[in-house]
Amino acid sequence: MFRRSRREEPPALAEEVEQTEERGEEPRTRPSGPWDSAEPYPERERVDLGGLRLPVDSGFEVQLNLAGEQIVGAVVMVEDSALQVHAFAAPRRSGIWDEVRSDLAEGVRAAGGTVEQREGPFGPELAARIPAEGANEPQPVRYIGVDGPRWFLRAVISGRAVVDEDVAAILEGVVRDIVVVRGDEPMAPKESIELRLPPEARQAAERQDADPEVPDLNPFERGPEIAELR
């Protein structure tokens, strides 16, 4: 387990960044993210997961989401709450949050839950209640989406943070300081941006594979396997 200790983002962000790059200008400095790796962003402690640079702070725990053997997302645990984040490829000139939001709402209702759209700190989001195994009543969940330059970031908040504004602010702050590393390779829209273990964790895993008696120093746990968003 890894242990260390309302702003709206316009859908036109991707187009704006692209246009400024074409003109040879620096992208407009914004007060907060999530950030694209090609734009200026504030320095702070982040763990490098390849496609995501995830902010870490005192009291945070991090788990990795898997689709098969591929790491596709991360979960930040804090204050009896969870923030699950995944990054996906998106078209160059249009965002996909409107479409994804509609698909998510349909999926929640099909599963027997309820959902409504509301305005949140990152723009439109979904407030849902979904059936959960072992729970007597549906559990509240927030779905947040941010369209960036050729990428889309989806965040899901669950647990205490859904009803506690102070804890919610902590997790919203994590979302604001995420850096997305899209890369230049061609990717289909909604294809997961692959993540990887940070170098120190990979080295620890390799040492343990080479010598089973070496203590497991990998600071990450595998989270639940998930289906990719299509």
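Arg53 has Val179 in E12 as its bridge partner. Before I go on, this is a predicted model, in which local features need pLDDT of at least 70 and side-chain atom pairs count only at pLDDT 80 or more, while totals for chains, interfaces and linings use all residues. Residues are numbered from 1 along each chain as its sequence is written, and side-chain values use heavy atoms, with hydrogens and water left out.

Back to E12. Leu52 also has a bridge partner there, Val180. E4 and strand E12, residues 179-180, run antiparallel and are joined by two bridges; two strands pair if DSSP finds at least two bridges between them. The strands (E, at least two residues) and helices (H or I, at least four) are DSSP runs, numbered from the N terminus.

Strand E4, residues 52-55, also pairs with strand E3, residues 46-48, in the antiparallel sense, over three bridges. Arg46 stands opposite Pro55 in E4. The hairpin of E3 and E4 has three residues between the strands, and Gly50 there takes a positive phi near 85 degrees.

What is the strand order of the open sheet? It is E2-E12-E4-E3, four strands with mixed pairing. Strand E2 (35-36) and E3 are the edge strands, each pairing on one side only.

One more residue for this part: Arg196, in the loop between E12 and helix H4 (199-210). Its C-alpha atom is 7.7 Å from that of Gly51, although the two residues are 145 apart along the chain. Arg196 counts as partly exposed at 43% relative accessibility. For the terms, buried is under 20% relative accessible area, exposed is over 50%, and partly exposed is in between, with a 1.4 Å probe and protein chains only.

For the chain as a whole, there are four helices and 13 strands. Of its 230 residues, 48% count as buried. The chain exposes about 11,800 Å², with carbon and sulfur atoms supplying 46% of that; these areas come from the Shrake-Rupley method with a 1.4 Å probe, and for residues only the protein chains shown count as cover.

Next, the aromatic rings. How many aromatic pairs does the structure hold? There are two. Rings of Phe, Tyr and Trp (its six-membered ring) pair if their centres lie within 6.5 Å; planes under 30 degrees apart count as stacked, over 60 as edge-to-face, and the rest as tilted. Phe88 and Phe152 are stacked, at 6.3 Å centre to centre with 25 degrees between the planes. This pair links distant parts of the chain, with Phe88 in strand E7 (residues 81-89) and Phe152 in strand E11 (residues 151-159), 64 residues apart. Phe88 is buried at 2% relative accessible area, and Phe152 is buried at 0%.

The rings of Trp97 and Phe152 have centres 5.6 Å apart and planes at 25 degrees, so this pair is stacked too. Trp97 lies in helix H2 (residues 97-110) and Phe152 in strand E11, so the pair ties together parts that are 55 residues apart in sequence. Phe88, Trp97 and Phe152 form one aromatic cluster.

Now the charges. In the loop between strand E10 (139-148) and E11 we find Arg150. Arg150 is buried yet has no salt bridge; the nearest side chain of opposite charge, Asp184, is 4.5 Å away. Lys and Arg count as positive, Asp and Glu as negative, and His and the chain ends are not counted. A salt bridge needs a side-chain nitrogen of Lys or Arg within 4 Å of a carboxyl oxygen of Asp or Glu. A polar atom of the Arg150 side chain does lie 3.4 Å from the backbone oxygen of Gly183.

The whole structure has 10 salt bridges. One of them joins Arg160 and Glu79 at 3.2 Å, N to O. Arg160 lies in the loop between E11 and helix H3 (165-176) and Glu79 in the loop between strand E6 (70-78) and E7, so the pair ties together parts 81 residues apart in sequence.

Asp98 and Arg101 meet at 2.9 Å, N to O, in another salt bridge. Asp98 counts as exposed at 56% relative accessibility, whereas Arg101 counts as buried at 9%.

Last, Glu125 and Arg118 form a salt bridge at 3.3 Å, N to O. Salt bridges that share partners join Arg118, Glu125, Arg142 and Glu172 into one network.

Notes. A polar contact is a pair of N or O atoms within 3.5 Å; within protein, one must be able to donate a hydrogen and the other to accept it, and residues adjacent in sequence count only if both atoms are side-chain atoms.
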